[in-house]
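Reader: I would like to learn how to read the features of a model like this one. Where should we begin?

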Amino acid sequence: MPHVMMRLYTHRGAQAARKAMNWAVGAVGALLVTIVVVGMGAAALVGGRTLVKQDPTGSTALLSLTRALDTEARAADESVLFSFVACAVFVTVLAAVVGITLAAATTVAHDLLARVAFRGRISESREVGYARWAALGVGLVAVGLAIPAHDWNAQVLIVFTFGVASSALLPTLVYAFFWRGFTTAGMHGTVYGSAALLAVLTVFCPGFSGTPTALFPDRDFAWFPLETPGIVTIPAGFLLGLLCSALSRPEPPRADGPAGWPEPRPGAGTGARAKVPAAGTGSRPPAWHRAESAGPDPFGAGRTHNRHRRVLGVRPDLSD
């Protein structure tokens, strides 16, 4: 999630970033468990039918639960618990909005403007200035979109954000940490392929249209039966990463050496001198084919060329 990943930008080393990420992931996990407990408690104390009558999407379950717990208060404005929970909800929403706005402004200023538009030829002070204007622009766009959509059910968008994180980031991190054969093409296939598949399935799922609690309840163009497309897109992300990495994996170097390059002499790197043809033969070898005078082979037995197609155990010369 953007408001979680951005916590890594302000730390100097990997150890500090790892510690901050542990705290952030722990807090998010505890919040998700709390949501389940609060929902079950609201259904038990208030009643499921009553919650559906108040709000079919269940957005008022937390406030209804506080009213049920504070039995001494005759109204909501007289309940201390209700006021405390309402303030906590407001602060939480404000913090989430600020975090997402800063993440979006940082992306616009650092990735789009500094890296793409100016190609890195920009000072840090100008980049900070662009980030401020980007935050203002993102905020204005968000407010402009929220005004006509204030009565829409945006839970499908929340499900979409979590689906992108689980379908694109989870396979990428798992493959990057635990599989040496994971390639850049595999990462691109996982991120872009799973995100595109998730977007298509979200548009045509029941949470987007066709149901009373959908984003567009008065229209019905849903053909995907599941309200949570992540059940399909998460395995698809792993599969795309596997296939793209397997198809883009480079071929191993040949044992007899690349075509057009001289074969390494036996005992290269063991201290023996290479045999150079006599003058006038017309077959002068390149200077980098002269063996080093001494020293063991640092590359291990069984390899003849490095990844740059240079013969192991010889000294390079830029004149050739």
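Author: Begin with the surface. The model is predicted, and the protein in it exposes about 22000 Å². Carbon and sulfur atoms supply 66% of that area.

Reader: What percentage of the 320 residues count as buried?

Author: Of the 320 residues, 24% count as buried.

Reader: How many helices and how many strands are there?

Author: The protein has nine helices and zero strands. Among contacts with a separation of 6 or more, 51% are between residues 24 or more positions apart.

Reader: How far apart are the end C-alpha atoms of helix α9, and what span should its residues have?

Author: Helix α9 takes in residues 230-247, 18 residues in all. At 1.5 Å a residue they should span 26 Å, and the end C-alpha atoms are 25 Å apart, which agrees.

Reader: Which residues of α9 are buried?

Author: The buried residues are Gly230, Thr233, Ala236, Gly237, Gly241 and Ser245. They lie on the same side of α9, because they cover an arc of only 155 degrees around the axis. Ile231 and Leu247, on the other side of α9, are exposed.

Reader: What do the buried residues of α9 pack against?

Author: They pack against α7 (155-178) and α8 (184-203).

Reader: Which residues make up the largest nonpolar core?

Author: That core has six residues: Val156, Leu201, Cys205, Phe208, Leu215 and Phe224. Setting aside residues up to four places away in sequence, Leu201 touches Trp223, Phe224, Pro229, Val232 and Thr233. A second, separate core has five residues, including Ala42, Val46, Ala61 and Leu65.

Reader: How is a pair of aromatic rings described?

Author: By the distance of the centres and the angle of the planes. Counting pairs whose ring centres lie within 6.5 Å gives 11 aromatic pairs here. One of them is formed by Phe118 and Tyr130, 5.7 Å centre to centre with 25 degrees between the planes. The pair counts as stacked because its planes are under 30 degrees apart.

Reader: Where in the chain are phenylalanine 118 and tyrosine 130?

Author: Phe118 is in the loop between α5 (80-117) and α6 (124-146), and Tyr130 is in helix α6. The two are 12 residues apart, and the pair links distant parts of the chain. Phe118 is partly exposed, with a relative accessible area of 25%. Tyr130 is also partly exposed, at 28%.

Reader: Which residues do ring pairs link into a cluster?

Author: The cluster consists of Phe204, Phe208, Phe216, Phe221, Trp223 and Phe224.

How values were computed
Residues are numbered from 1 along each chain as its sequence is written. This is a predicted model: local features need pLDDT of at least 70, side-chain atom pairs count only at pLDDT 80 or more; totals for chains, interfaces and linings use all residues. Side-chain values use heavy atoms; hydrogens and water are left out. Helices (H or I, at least four residues) and strands (E, at least two) are DSSP runs, numbered from the N terminus. The expected span of a helix is 1.5 Å times one less than its number of residues. Buried means under 20% relative accessible area, exposed over 50%, partly exposed in between (1.4 Å probe, protein chains only). The arc is that of the directions from the helix axis to the C-beta atoms. Contact means heavy atoms within 4.5 Å. Accessible areas come from the Shrake-Rupley method with a 1.4 Å probe; for residues, only the protein chains shown count as cover. A nonpolar core is a set of buried Ala, Val, Leu, Ile, Met, Phe, Trp, Tyr and Cys residues joined through side-chain atoms within 4.5 Å. Rings of Phe, Tyr and Trp (its six-membered ring) pair if their centres lie within 6.5 Å; planes under 30 degrees apart count as stacked, over 60 as edge-to-face and the rest as tilted.
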